[in-house]
Every structure is written in C-alpha cells, then in structure tokens.
Amino acid sequence: MLYFENDYCEGAHPAILQKLMDTNMEKLPGYGFDPYSDAAKEKIRKACNCPEAEIYFLAGGTQANAVVISTVLNRFEGVIAALTGHINFHEAGAIEYTGHKVFGLPHQDGKIRSEDLQMYLQDFYADKNHEHMAFPGMVYISHPTEYGTLYTKQELTDISALCARYKLPLFLDGARLGYGLVSEGTDVTLADIAHYTDVFYIGGTKVGALCGEAVVFPEKAPAHFMTMIKQQGALPAKGRLMGIQFDTLFTDNLYLTISRNAITTANLLKKALQEKGYRLFLDSPTNQIFVVLENRQMERLGRSVKFGFWEKYNEAHTVVRFATSWATTEEELRQLMELL
C-alpha cells in the first residue's frame with residue numbers, strides 16, 4: 001500500500017529521533033522549563049526576527065487553535081474564518097466547544113479576501129442590533145490553506161491592516177508552514193508572518209516532528225496563557241519532548257531544508273499527472289495536489305493507494321487529494337505513477 005493520504009504518515013526526521021535518544025536519560029525540568037526548550041525559543045525568535053516574542057509549545061494543531069482562540073477572545077466574541085477553514089469544518093467543533101462561534105466567510109481557493117472581510121465587518125456594525133449578536137473578535141487564516149494555496153505578502157498586508165483598523169487580532173494557523181515558506185513563487189517569509197500577525201504557530205507535526213506546534217506571540221501573550229494551556233489539558237509534563245524537537249528543527253535550517261522535499265516531490269507528481277492527462281482541481285503551489293478522478297477509477301486506485309477524499313465534483317467524478325511530505329521518495333512517486 002502506498003501512502004499519500006496526508007503529510008504525517010511517517011514518524012519523525014532521523015535527526016530528531018537521534019537527539020531524543022542522545023538526551024533520553026538526562027534529568028530535566030518539566031513543562032517546557034528545560035534548556036532545550038529555551039534554546040528552541042531563542043532560535044525561533046531569531047528566525048522570526050522577533051527578539052521579544054513569547055513562545056509556547058503545544059502537542060497538536062487542534063489544541064493550539066482551541067487554546068489560542070479561547071484565550072484571546074472575550075466570552076461574547078467569535079472568530080472569523082474561511083468557510084473551508086480548518087477550525088470551521090475539520091476540528092469536530094473544538095472552537096464552538098470552548099464557547100466561541102466561528103463566522104464563515106466566502107473563500108477563493110481556501111483564502112479569504114480583504115474585500116469580503118471588510119464587507120462583513122461593515123455590515124455587522126451597520127446593523128443597529130449588533131449588540132444582541134456574537135461579536136467578531138479575531139480573524140483566523142491558514143498558510144498554506146486547506147487547498148494548499150498561499151497568501152501573498154500584499155494580501156497578508158491588506159488583511160493585517162484591516163484587522164488593525166477594527167482592533168481584531170490576526171491569527172495564522174501554520175500547521176504546514178514549512179511547506180508554504182519554501183514553495184516556488186512565494187514572497188512571504190517567516191519574518192513577514194511575525195510582522196503582520198498577532199499570533200501564529202509553526203507546525204511540527206506535519207513537518208518532520210513526532211508531534212508539536214510552536215505558538216508564537218510576536219509581542220506579548222495574553223496574561224496567564226500558560227495557565228490556560230494547562231486548564232485545557234494541552235500542557236505536557238515532559239515539555240522537553242517538544243523543546244528537543246524544535247531545537248533540532250531550527251538548528252542549521254533543518255525545518256526549511258526538509259520542507260523542500262515535499263515541494264520537489266509534489267511538483268514532480270503534478271507534472272506527471274498533467275502529462276498523463278489527469279485533471280487538476282486547482283493549481284496548488286504546495287504539497288497538496290487535488291485531482292479529479294472518475295469514481296470507478298478512484299475505487300480501483302484505492303485498493304493500492306491511500307489518498308484523501310476531498311469533495312464530490314459531480315455524480316461521476318470525485319476530487320481527491322495526494323499529499324507529499326518531508327519524507328516522500330521518488331520511488332514512491334514512480335510506483336504511484338505506474339498505478340495511475
């Protein structure tokens with residue numbers, strides 16, 4: 001069976017496993033107060049060009065989204081996201097479970113547009129009954145998006161400026177951030193993200209780590225943020241696990257180096273699919289490739305390949321997703337193309 005279902009099928013990059021083995025018997029403080037976590041935070045601050053950033057390590061993306069959003073928002077506020085945003089349809093209602101509504105905006109290949117955001121906010125405050133409604137209190141975007149697309153620096157600038165005008169924190173979900181930062185044609189850097197957002201996280205789970213995300217507040221985290229992490233069950237006692245992994249990922253540029261493999265293999269797969277006459281649902285520049293397959297063809301392929309169901313295209317066709325990762329090999333691509 002070939003696995004192109006997601007970008008976290010594998011365990012962890014060998015350098016991380018080796019570092020975990022090398023440090024395994026060291027006795028270290030808990031909850032992220034160990035020297036490896038401190039070193040990782042310093043390296044992330046340097047990579048973000050944000051010397052005062054406050055950084056917290058959480059075990060996974062859903063925990064990061066839920067803890068950040070529920071901590072930043074007041075109890076009467078909700079969060080604006082694309083209708084296709086991960087927090088809107090792929091996290092089992094985790095945000096609503098914390099008591100905060102998700103306001104879905106129209107999207108363009110997974111991205112929200114500043115024009116649509118401005119119209120939504122204008123309409124909200126123009127309604128004389130808005131005091132009876134849940135207030136928009138934050139804007140959530142992801143980079144890459146659920147469709148593997150990327151915001152440009154100008155788009156990020158425009159959304160950030162609009163958020164500042166309405167005093168709304170901008171939160172960027174970076175579960176696949178490494179793949180976005182090294183994609184061909186992108187003009188957005190990690191320092192740009194730190195400059196234009198109020199909080200974001202650097203994904204490790206999908207980019208070479210066993211688990212873990214680094215939540216970054218470029219300026220200052222909300223009061224008692226660590227207590228909120230603890231309260232919501234997202235604070236691992238063995239914080240060293242995340243610290244050692246991110247210390248390794250941010251040593252000698254490893255995070256970006258291994259991310260490039262996902263883009264290289266995705267581009268090879270995309271080219272091969274097009275040469276064989278397959279129809280791409282959209283042109284994603286990152287590691288997620290969306291293909292329109294005839295239903296019977298999809299069923300046959302599913303006997304030998306794990307891929308992701310995305311959405312129905314019509315009665316006879318389905319959109320499926322192939323995801324490459326930091327560990328995808330050209331041999332796996334060759335086997336997949338033979339099957340196709």
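**View A. Asp247 counts as buried, at a relative accessibility of 7%.** Here buried denotes under 20% relative accessible area, exposed denotes over 50%, and partly exposed lies in between (1.4 Å probe, protein chains only). The model is predicted: local features require pLDDT of at least 70 and side-chain atom pairs count only at pLDDT 80 or more, whereas totals for chains, interfaces and linings use all residues. Residues are numbered from 1 along each chain as its sequence is written, and side-chain values use heavy atoms, with hydrogens and water left out. The side chain of Asp247 forms a salt bridge with that of Lys43, at 2.5 Å from N to O. This pair links distant parts of the chain, since Asp247 belongs to helix 11 (residues 240-249) and Lys43 to helix 2 (residues 35-48), 204 residues apart. Lys43 is partly exposed, with a relative accessible area of 30%. A salt bridge is a side-chain nitrogen of Lys or Arg within 4 Å of a carboxyl oxygen of Asp or Glu. Helices (H or I, at least four residues) and strands (E, at least two) are DSSP runs, numbered from the N terminus.

**View B. A salt bridge joins the side chains of Glu54 and Lys220 (3.6 Å, N to O).** Glu54 lies in strand 2 and Lys220 in the loop between strand 8 and helix 10 (225-231), so the pair ties together parts that are 166 residues apart in sequence. Glu54 counts as partly exposed at 22% relative accessibility, whereas Lys220 is exposed, with a relative accessible area of 64%.

**View C. Arg296 and Glu294 form a salt bridge, with their closest N and O atoms 3.2 Å apart.** Arg296 is exposed, its relative accessible area being 57%, while Glu294 counts as partly exposed at 24% relative accessibility. The structure holds eleven salt bridges.

**View D. Seven strands make up an open sheet of mixed pairing, in the order 2-8-7-6-5-3-4.** Two strands pair if DSSP finds at least two bridges between them. Strand 6 (residues 170-173) and strand 7 (residues 199-203) run parallel and are joined by two bridges; the bridge partner of Phe171 in strand 7 is Val199. Helix 3 (residues 61-72) packs on the sheet and touches strand 2, strand 3 (77-82), strand 5 (135-142), strand 6, strand 7 and strand 8 (213-217), and its direction makes about 175° with that of strand 6. Axes are lines fitted to C-alpha atoms, for helices over the stretch in contact, and angles run from 0 to 180 degrees between N-to-C directions.

**View E. Strand 5 is mostly covered, eight of its eight residues being buried.** Four bridges connect strand 5 with strand 3, and the two run parallel; Met138 in strand 5 is the bridge partner of Val79. Strand 5 also runs parallel to strand 6, again through four bridges, and Ser142 has Asp173 of strand 6 as its bridge partner.

**View F. Ile44, Val139, Phe200, Ile202, Phe246 and Leu249 touch the most other members of the largest nonpolar core, which holds 54 residues.** Helix 12 (residues 254-275) gives the most to this core, with five residues. A nonpolar core is a set of buried Ala, Val, Leu, Ile, Met, Phe, Trp, Tyr and Cys residues joined through side-chain atoms within 4.5 Å. With neighbours within four places in sequence left aside, the contacts of Ile202 include Ile44, Leu177, Leu190, Val216, Phe246 and Tyr255. Another core, of 26 residues, lies apart from the largest one, with Leu58, Ile87, Val102 and Phe217 among its members. Contact means heavy atoms within 4.5 Å.

**View G. Four strands form an open antiparallel sheet in the order 9-10-13-12.** Strand 9 (279-280) and strand 12 (308-312) are the edge strands, each pairing on one side only. Two bridges join strand 9 and strand 10 (residues 288-294) in the antiparallel sense, and Arg279 stands opposite Val292 in strand 10. Helix 12 packs on this sheet, touching strand 9, strand 10 and strand 13 (317-323), and its direction makes about 25° with that of strand 10.
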